[in-house]
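Welcome, and take a moment to look over the sequence and the fold.

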Amino acid sequence: MSESKTPVKWGIAGLGNIAQRFATALTQYSIHGELYAVSARNLERANVFGQKFGCDLAYGSYEDMAKNPDVEAVYIATVHPYHRPLAELFLSHNKHVLVEKPAFTNLADWMAMKALADKHGVLLLEAMKTVAFPAYRELKDYLRSNRLQVTSIEAGFGNEHDYDPSLFIFNPELSGGATLDVGVYGLWFYYDLCRSIGIEPSEPKVDMLSAFKEAKVDTDALFTFSQGVEGKISASIVSNLPRVAILRGPELTITIRDKWWNPETIYIEYQGIKNTIQHKVAGNGFEYEIDHMSQLVRDNKVESDILLAEVTVQVIETMERALLNTGYGHLTTIKTSEK
């Protein structure tokens, strides 16, 4: 196997539910990556995870995995407040880093970690898998090549949960809440599409509330954009929201159904003519961002043309400002360390 075809050796830091989905894609569906090492704060847990996915290298310390010179890229899958210290650890050891969304809860952390990544000549990307899906990428090409005007974007992400303070989404100490947990998807979708068609969005009007008096996090959030491309981006951790995204323009309606954030089939009606963009997904979708970043690593790239740093900045800045302005600023300013 030539060097250009050698799979990138990935490590996973933090071994919860989303890490299991990532590992499944990495071991079963990825073309350019391989699961090389896993790490947690507990060795037994790391060993169990490693055995499940056929990975022989399991660490009960993030520092030990960071010191392994053969680990090339690391996926950070811990809860939000632990992203910053782990990103700093792995970037300082010259690892390429893919950090689960939201990458960070405040813009200062992103800027500091991006500067550190640039200093070490490595990648720092936010893991927004939606924009790496083939159907979504083809949609952006379709909009650009046909010079279509989009005037509005509507998307929501919400799942019903009863109030349970033991769940991290309701825990203010873990930066819970609808905006940071699921609002990030819709905002990424909106900002990325606007950027792809050359539109600078306006500042959104933001409405947030807590459905439970005990909750100190936002359980529902609505971001309304009124200029450029109108937008209605909603998020909830207490209600099931429609799983459909709709783009509209002059004589144009584009619909993504069935979990729009995992876009496989996109329905287009333009000037009375119906078209469909379809790319069936064999895995769970994580393989697209894995292979994209792996290719960047092999090509010695330090920026992505899909997981755009500019969009990460827009999304984090919007979420941080919204939370501060609506009285939930404590969710963005938590300081913690990961030993």
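Asp258 sits in the loop that runs between strand S12 (252-256) and strand S13 (265-270). In this predicted model, Asp258 takes a positive phi of about 55°, although it is not a glycine. Asp258 counts as exposed because its relative accessible area is 66%, and exposed means over 50%.

Asn300 can be visited next. Asn300 belongs to the loop between helix H8 (286-298) and helix H9 (309-325). Its phi is positive too, at about 60°, and Asn300 is not a glycine. With 70% relative accessibility, Asn300 counts as exposed.

Glu173 is another loop residue, placed between S7 and H7. Its relative accessible area is 59%, so Glu173 is exposed. Along the chain, Glu173 and His330 are 157 residues apart, yet 8.5 Å separates their C-alpha atoms.

| Residue | Loop | Relative accessible area |
|---|---|---|
| Asp258 | between S12 and S13 | 66% |
| Asn300 | between H8 and H9 | 70% |
| Glu173 | between S7 and H7 | 59% |

Now for Lys101: is this residue buried or exposed? Lys101 is buried, because its relative accessible area is 5% and buried means under 20%. Lys101 lies in the loop between strand S5 (96-100) and helix H5 (107-120), and Pro102 is found in that loop as well. A cis peptide bond, with omega of about -15°, joins Lys101 and Pro102.

The side chain of Lys101 has polar partners. A polar contact of 2.3 Å links the side chain of Lys101 to that of Glu100, and at 3.3 Å the Lys101 side chain reaches the backbone oxygen of Ala127. Leaving aside neighbours within four places in sequence, the residues in contact with Lys101 include His80, Glu126, Met128, Val184 and Tyr185.

The largest pocket has a volume of about 1100 Å³ and a lining of 39 residues, with Asn17, Ile18, Val79, Phe168 and Asp181 nearest its centre. Two elements, helix H1 (17-28) and helix H7 (178-196), each give two or more residues to that lining. H7 gives the most, with four residues. By class, the lining of the largest pocket holds 18 nonpolar, 11 polar and 10 charged residues.

The second largest pocket has a volume of about 190 Å³. It is lined by 16 residues, and those closest to its centre are Gly156, Lys232, Ser234, Leu241 and Pro242. The elements that give two or more residues to this lining are strands S7 (152-158), S9 (220-225), S10 (230-236) and S11 (245-249). Of these, S10 gives the most, with four residues. The lining of the second largest pocket divides into nine nonpolar, three polar and four charged residues.

Finally, step back to the whole chain. How many helices and strands does the protein chain have? There are nine helices and 14 strands. For 339 residues, a compact globule would have a radius of gyration near 20 Å, and the protein chain agrees with this at 20 Å. Along the principal axes, its C-alpha atoms fill a box of roughly 55 × 55 × 35 Å. Buried residues make up 55% of the 339 residues. Of the contacts with a separation of 6 or more, 68% are between residues 24 or more positions apart.

Technical notes:
Residues are numbered from 1 along each chain as its sequence is written. This is a predicted model: local features need pLDDT of at least 70, side-chain atom pairs count only at pLDDT 80 or more; totals for chains, interfaces and linings use all residues. Side-chain values use heavy atoms; hydrogens and water are left out. On a 1 Å grid over the protein atoms alone, a cavity is a set of points where a 1.4 Å probe fits but cannot get out, and a pocket is an open set with protein on both sides within 12 Å along at least five of seven lines; lining residues have an atom within 4 Å of a point. Grid points are joined across faces, edges and corners, and a volume is the space filled by probe spheres set on the points. Ala, Val, Leu, Ile, Met, Phe, Trp, Tyr, Cys and Pro count as nonpolar, Asp, Glu, Lys and Arg as charged, and the others, Gly among them, as polar. Buried means under 20% relative accessible area, exposed over 50%, partly exposed in between (1.4 Å probe, protein chains only). A polar contact is a pair of N or O atoms within 3.5 Å; within protein, one must be able to donate a hydrogen and the other to accept it, and residues adjacent in sequence count only if both atoms are side-chain atoms. Contact means heavy atoms within 4.5 Å. The radius of gyration is taken over C-alpha atoms; the globule rule is 2.2 Å times the number of residues to the power 0.38.
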